Amino acid sequence: MNWFSSTEQQQLLKTLERESEKLHFTERRHFLKNALVMAGSGALALHGGQALAGNQNLPPNVPQWTGKLGDGVLTNPYGQPSKYENQTIRRTVPWLTADAISSISMTPLHSLKGIITPNGLVFERYHAGVPTINPDEHRLIIHGLVDRPLIFTMDDLRRFPSVSEIKFLECPANGGMEWKGPQMEALQFTHGMISCCEWSGVRLSTLLDEAGVKPQGKWILAEGADGAAMARSIPIEKALDDTIVVYAQNGEALRPEQGYPLRLVNPGWEGNTSIKWLRRLEVGDKPWHMREETSKYTDLMPDGRAQQFSFVQECNSVITSPSPELPFKGGKGWYEIEGLAWSGRGKIKAVDISFDGGINWQQAPLKGLVLSKCLTRFSTMINWHGDPMLLQSRAVDETGYVQPTLKQLRAQRGGNSIYHKNAIHTWKVNANGSVQNVQLA
Ligand SMILES: Nc1nc2c(c(=O)[nH]1)N[C@H]1C(S)=C(S)[C@@H](COP(=O)(O)O)O[C@H]1N2
Ligand SMILES: [Mo]
């Protein structure tokens with residue numbers, strides 16, 4: 001594949017080589033004076049540089065910033081992204097919630113590479129806003145059906161053996177706005193209620209072992225210290241399996257938005273069970289809503305019954321590039337098609353891509369790490385001839401579960417659902433390269 005083939009481009013590169021030799025062998029200031037009089041080149045058109053043609057920072061000129069000293073260490077004691085990346089931000093849909101306190105913002109999936117969500121871009125879900133918690137005044141209480149009720153300081157928790165695991169965390173409402181039809185012209189809004197971080201902390205099983213769960217102890221109520229005192233019931237099997245009491249996220253302390261100083265992470269399960277600002281774990285013999293009034297998420301089934309616990313986030317995938325935010329900008333030619341797949345039941349086994357709305361499928365190679373209950377990247381190259389396409393991805397997980405079509409999912413779940421929409425998603429690529437959110441009948 002020859003990416004930069006034009007003769008102009010080759011000439012430009014030769015000039016550049018000559019000039020950079022000069023840069024290293026002549027006095028810099030002298031060279032810069034020379035460089036400024038060199039004319040801009042028409043070859044810049046390749047990457048839409050035309051608008052900037054004649055710009056003194058573009059080849060074959062030496063850019064301004066090369067001719068002077070930059071900012072020193074500790075200009076930013078805590079580093080921030082380049083000011084030119086100020087569009088890589090969480091966003092929300094204003095009409096979704098009445099206010100910003102009990103609300104949600106989404107991760108800009110189109111702007112991210114690899115599988116890790118940077119801490120500042122992890123989607124936020126609050127029922128009563130973000131509390132400001134002094135870690136010295138924070139305690140974790142374990143009580144109920146245990147031999148030894150315990151109260152831990154943050155220091156206490158850091159003395160236990162720790163684990164670090166990369167896991168996705170998804171709100172079951174992800175994609176929920178799309179049940180009735182295509183609504184959101186942005187990947188950030190169709191799929192952005194998901195993140196994937198390396199979470200560090202102590203296994204809940206380690207702490208429960210310390211407290212000694214009584215034989216009648218079958219459920220754990222986890223409660224947050226936020227204004228909602230949000231609480232969820234978690235079966236003991238999960239708590240003793242892979243649940244983590246987390247204090248760090250991608251290497252640093254949890255962000256306030258993600259539950260500083262302490263949260264639960266239930267890998268692969270509905271995000272709402274991963275209680276943030278965790279302050280209390282009560283071991284009981286049944287789920288809490290059967291004992292008292294606690295809020296819970298339910299799924300309305302076609303027959304009008306509500307399904308109470310759908311804990312697992314089933315296998316799902318989406319193409320992240322192209323997407324409405326990342327159209328094909330350069331006309332016909334080679335592009336990388338990239339996407340993300342995940343399953344709350346384990347590893348991704350394979351991902352297929354269709355260019356014709358699901359008639360023909362071809363396997364897309366997985367790249368990078370393929371971990372259990374973790375975002376997984378897939379990608380493939382295409383030589384786009386400028387024809388409209390109906391792009392889809394279909395993931396299969398290690399249990400053999402195949403991501404359903406929207407038709408299959410609707411047949412199973414009816415039209416009243418809000419949560420757990422993991423159907424195959426369709427992007428329509430138009431002849432001009434723009435990308436639209438569509439649903440096929
Ligand atoms: N204490 C508390 N924990 C909470 C919430 C909350 O509002 N309060 N929101 C829950 C919901 S609905 C989701 S989807 C996840 C979101 O985690 P994040 O904000 O770190 O992305 O946190 C869960 N834990
Ligand atoms: Mo959620």
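Trainee: Let's start with strand pairing. Which residue of strand 11 is the bridge partner of Val-245?

Mentor: To read a pairing, look for the residue that sits across from yours on the next strand. This is a predicted model, and in it Val-245 is bridged to Leu-264 in strand 11. That pair belongs to a set of three bridges between strand 9 and strand 11 (residues 263-265), and the two strands run antiparallel.

Trainee: What else does strand 9 pair with?

Mentor: Strand 10 (residues 252-253) is one partner, joined to strand 9 in the antiparallel sense by two bridges. Gln-249 has Glu-252 as its bridge partner there. The two strands make a hairpin with two residues between them, and Asn-250 in the turn has a positive phi of about 50°. On strand 6, five bridges connect to strand 9, again antiparallel, with Gly-201 standing opposite Val-246.

Trainee: Is strand 9 mostly covered or mostly open?

Mentor: For a strand, go through the residues and ask how many are buried. Strand 9 (residues 244-249) is mostly covered, with six of its six residues buried. As a general point, side chains in a regular strand alternate between the two faces of the sheet.

Trainee: How many bridges join strand 5 to strand 6?

Mentor: Eight, and those strands run antiparallel. Glu-165 stands opposite Trp-199 in strand 6. Strand 5 (residues 163-170) is also mostly covered, since six of its eight residues are buried.

Trainee: Ser-195 is in strand 6 too. Is Ser-195 buried or exposed?

Mentor: Compare the relative accessible area with the cut-off: buried means under 20%. Ser-195 has 1%, so it is buried. Then look at what surrounds the residue. Beyond residues up to four places away in sequence, Ser-195 touches Thr-117, Val-122, Phe-123, Lys-167, Phe-168 and Leu-169. The C-alpha atoms of Ser-195 and Phe-168 are 5.5 Å apart, although 27 residues separate the two along the chain.

Trainee: And how would I read Thr-190?

Mentor: Thr-190 lies in helix 4 (residues 187-191). Its relative accessibility is 1%, so Thr-190 counts as buried. Its side chain makes a polar contact of 2.8 Å with the side chain of His-191.

Trainee: Is Lys-428 buried, exposed or partly exposed?

Mentor: Partly exposed, because its relative accessible area of 28% falls between the cut-offs of 20% and 50%. Lys-428 is in strand 22 (residues 426-429). The Lys-428 side chain makes a polar contact with that of Asn-430 at 2.8 Å. Contacts beyond four places in sequence include Met-389, Leu-390 and Val-438. Pro-322 is 106 residues away in sequence, with a C-alpha separation of 9.7 Å.

Trainee: Last topic: how many cavities of 30 Å³ or more does the count give?

Mentor: Four. For a cavity, ask about its volume, then its lining.

Technical notes
Residues numbered from 1 in each chain as written. Chains lettered and ligands numbered in written order. Predicted model: local features only at pLDDT ≥ 70, side-chain atom pairs only at ≥ 80, totals over all residues. Heavy atoms only, no water. Helix = DSSP H or I, 4+ residues; strand = E, 2+ residues; numbered from the N terminus. Buried < 20%, exposed > 50% of the residue type's maximum accessible area, 1.4 Å probe, protein only. Contact = heavy atoms within 4.5 Å. Polar contact = N/O pair within 3.5 Å; in protein donor to acceptor, adjacent residues only side chain to side chain. Pairing = 2+ DSSP bridges. 1 Å grid on protein atoms, 1.4 Å probe; cavity = no way out; pocket = protein on both sides within 12 Å on 5 of 7 lines; lining within 4 Å. Points joined across faces, edges and corners; volume = space filled by probe spheres on them.
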